[in-house]
Amino acid sequence: MESMSNQTEIRRRRTFAIVSHPDAGKTTLTEKLLLFGGAIHVAGAVKSNKIKKGATSDFMEIERQRGISVATSVMGFEYDGYKVNILDTPGHQDFQEDTFRTLTAVDSVIIVIDAAKGVEPQTEKLMNVCRMRKTPVIIFINKLDRPTQDTFELLDDIERQLQISLNPLSWPINSGPDFKGVYNIFDKSLDLFKASVQDIEPGISFDDLNSPDLEKHIGNDAKKLREDLELVYGVYPPFDHNEYLAGNLAPVFFGSALYNFGIQELLDAFVKVAPWPRAVQTEEREIDPEDDKFSGFVFKIHANIDPNHRSRIAFVKVCSGKFIRNNVYKLVRSGKTFRVSSPTAFMASQKEIIEEAFPGDIVGFPDNGSFIIGDTITEGEDIHFKGLPSFSPELFRFVENADPMKTKQLNKGVDQLMDEGVAQLFTSQFNGRRIIGTVGQLQFEVIQYRLEHEYNAKCRFEPMQMYKACWIQSDNPKALTEFKNRKHQKMASDKRGRDVFMADSQFILDMAQSEFKDIKFHFTSEF
Ligand code: G4P
């Protein structure tokens with residue numbers, strides 16, 4: 001059989017993430033999409049990788065989840081001629097960095113919103129990242145089997161809070177115990193709700209709204225539905241695909257993931273409207289997915305999946321060309337070339353060795369410490385993908401060795417965990433003490449636990465007075481030297497040896513900024 005052209009392969013790929021505020025139903029929806037996509041056969045096959053609320057010190061749980069999350073990091077499946085890749089993201093807010101990085105590897109996003117709760121804090125943050133990157137977004141309003149507010153009001157609230165225009169492609173008929181189903185505006189059909197957890201048959205289709213048959217199906221609710229839809233057609237212009245692709249307009253679907261309702265409609269519309277891999281910016285030029293030459297970048301590293309083998313997997317998003325097993329590729333940062341003899345792909349919840357991969361696909365490279373997050377891999381060209389977010393750490397602790405016999409292990413462990421992007425390391429230029437900066441408390445606990453269990457090293461954290469890490473830079477070498485002399489007790493180096501001023505308070509930072517006009521202060525490591 002002749003294989004498909006690169007272009008055909010690219011255009012049938014749909015690589016996306018499902019994101020939500022915890023508990024809105026991301027895990028349930030992911031699982032149901034796999035079920036409807038035929039990738040799994042029973043509900044419950046995909047384990048949630050979320051860390052339950054209140055489990056902040058349940059390390060075994062974190063570990064168990066980490067193990068599971070490798071398998072569910074990427075879930076690929078074939079559906080109706082499309083290759084669908086779902087990238088999983090951790091729900092816990094202390095792992096937001098991970099989620100934000102994963103969002104750099106997707107071509108579109110489905111945001112799940114709990115119909116009763118509306119937009120929640122994390123929904124807003126996630127939308128901000130999508131807006132910044134102009135990622136096309138579909139909104140799935142979930143849990144219609146529970147009472148909700150008026151649909152028009154709900155949509156107005158979402159539109160206002162997420163600052164994006166909406167376009168409902170389905171419309172719910174009541175909610176909670178009176179929930180009757182949805183009218184599918186996209187397909188012009190009526191889908192009736194049956195509360196069954198395993199039944200995946202679609203509801204009855206119905207296409208003439210003015211027919212008195214509507215009453216037969218939904219009784220007195222028919223009148224309200226006709227009125228609602230008249231208003232919908234008046235308020236919302238017809239769906240504009242290009243506006244969606246540009247990230248300006250979000251189509252909206254309603255359903256109940258738990259009861260398998262609205263999932264088929266979502267999946268069918270998703271594969272039709274969602275974008276295939278788009279051009280990606282590098283510092284040097286734009287990379288078209290249809291370029292002949294392979295390129296990709298590392299957006300995630302997952303370490304020590306099996307504690308008995310020092311194994312890491314670097315997750316690479318293919319951006320252009322075709323990845324081929326055993327071909328020689330170049331790691332741009334080091335200039336070194338390498339071959340990957342056992343690249344893996346993730347089909348449903350299985351990991352398997354692959355021969356080739358196309359733009360949109362995620363390939364797992366076995367890694368013994370060569371890759372770091374953000375690395376570009378090419379056939380030889382020196383390009384650098386950009387747009388991987390970097391974070392301003394918010395919490396800081398000194399890290400001390402708690403077992404002097406295990407210094408080497410500690411150093412190695414700290415190094416590798418930083419490469420994985422768990423946290424950021426600074427070394428004081430004044431006294432050599434090491435400082436770890438994170439965005440969430442949970443990271444410290446994860447670091448301590450993993451150092452002990454994966455590297456056989458013990459660490460202790462000590463509190464420190466610290467407001468912000470500021471990367472400093474100046475065109476005026478004299479000013480820089482003067483600044484460093486004056487602040488020498490507060491100067492540190494990051495992992496790449498760059499100067500970082502550790503400001504203990506907003507006040508100190510303000511003073512420093514007004515006194516040293518020639519110095520630029522940056523609050524993330526990328527500038
Ligand atoms: P998350 O990944 O976004 O955090 O949410 P998850 O899918 O785990 O769903 C959170 C809770 O909401 C789960 O209940 C889940 O069963 C429930 N849920 C998801 N979709 C629907 C829906 O359409 N309708 C209703 N009524 N509930 C829904 P839980 O009791 O917290 O978890 P579990 O013990 O059932 O796993």
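Me: What does Ala 423 touch, leaving out residues up to four places away in sequence?
Reply: Ala 423 touches Leu 417, Met 418, Ile 436, Gly 437, Thr 438, Gln 443 and Ile 447, where a contact means that the C-beta atoms of two residues, placed from the backbone, lie within 7 Å. Please keep in mind that this is a predicted model, in which local features need pLDDT of at least 70, side-chain atom pairs count only at pLDDT 80 or more, and totals for chains, interfaces and linings use all residues. Residues are numbered from 1 along each chain as its sequence is written.

Me: And where does Ala 423 lie?
Reply: Ala 423 lies in the loop between α11 (407–419) and β24 (424–428), with helices (H or I, at least four residues) and strands (E, at least two) taken as DSSP runs numbered from the N terminus.

Me: Buried or exposed, and why?
Reply: Ala 423 counts as buried because it has 24 C-beta neighbours inside 10 Å. The cut-offs are 20 or more other C-beta atoms within 10 Å for buried, 12 or fewer for exposed, and partly exposed in between, with C-beta atoms placed from the backbone.

Me: Gln 443 and Ile 447 were in that contact list. Which residues of α12 are buried?
Reply: In α12 the buried residues are Gln 443, Phe 444, Val 446, Ile 447, Arg 450, Leu 451 and Tyr 455. As background, an α-helix has 3.6 residues a turn, so residues three or four places apart point the same way.

Me: How far apart are the end C-alpha atoms of α12?
Reply: The end C-alpha atoms of helix α12 (residues 441–455) are 21 Å apart, which agrees with the 21 Å that its 15 residues should span at 1.5 Å a residue, the expected span being 1.5 Å times one less than the number of residues. After α12 comes Asn 456, whose phi is positive, near 60 degrees.

Me: OK, on to β25. Which strands does it pair with?
Reply: Strand β23 (residues 395–401) pairs with β25 in the antiparallel sense over five bridges, and β24 is joined to β25 by four bridges, again antiparallel; pairing here requires that DSSP finds at least two bridges between the strands. Within β25, Arg 434 is the bridge partner of Val 399, while Gly 437 is the bridge partner of Gln 424.

Me: What sits between β24 and β25?
Reply: The two strands β24 and β25 form a hairpin with five residues between them, and Gly 432 in the turn has a positive phi of about 75 degrees.

Me: How enclosed is β25?
Reply: Strand β25 (residues 434–438) has four of its five residues buried, so it is largely enclosed by the rest of the structure.

Me: Which residues other than glycine have a positive phi?
Reply: Among them are Lys 143, with phi near 70 degrees, and Asn 326, with a positive phi of about 70 degrees. Lys 143 is found in the loop between β5 (137–142) and α6 (151–162) and is buried, with 26 other C-beta atoms within 10 Å. Asn 326, in the loop between β15 (323–324) and β16 (328–331), counts as exposed, with 10 C-beta neighbours inside 10 Å.

Me: Last topic, the ligand. Which residues come nearest?
Reply: Of the 19 residues around the ligand, Gly 25, Lys 26, Thr 27, Thr 28 and Leu 258 come nearest, where a residue belongs if its C-beta atom, placed from the backbone, lies within 6 Å. Helix α2 (residues 26–36) gives the largest share of that shell, three residues.
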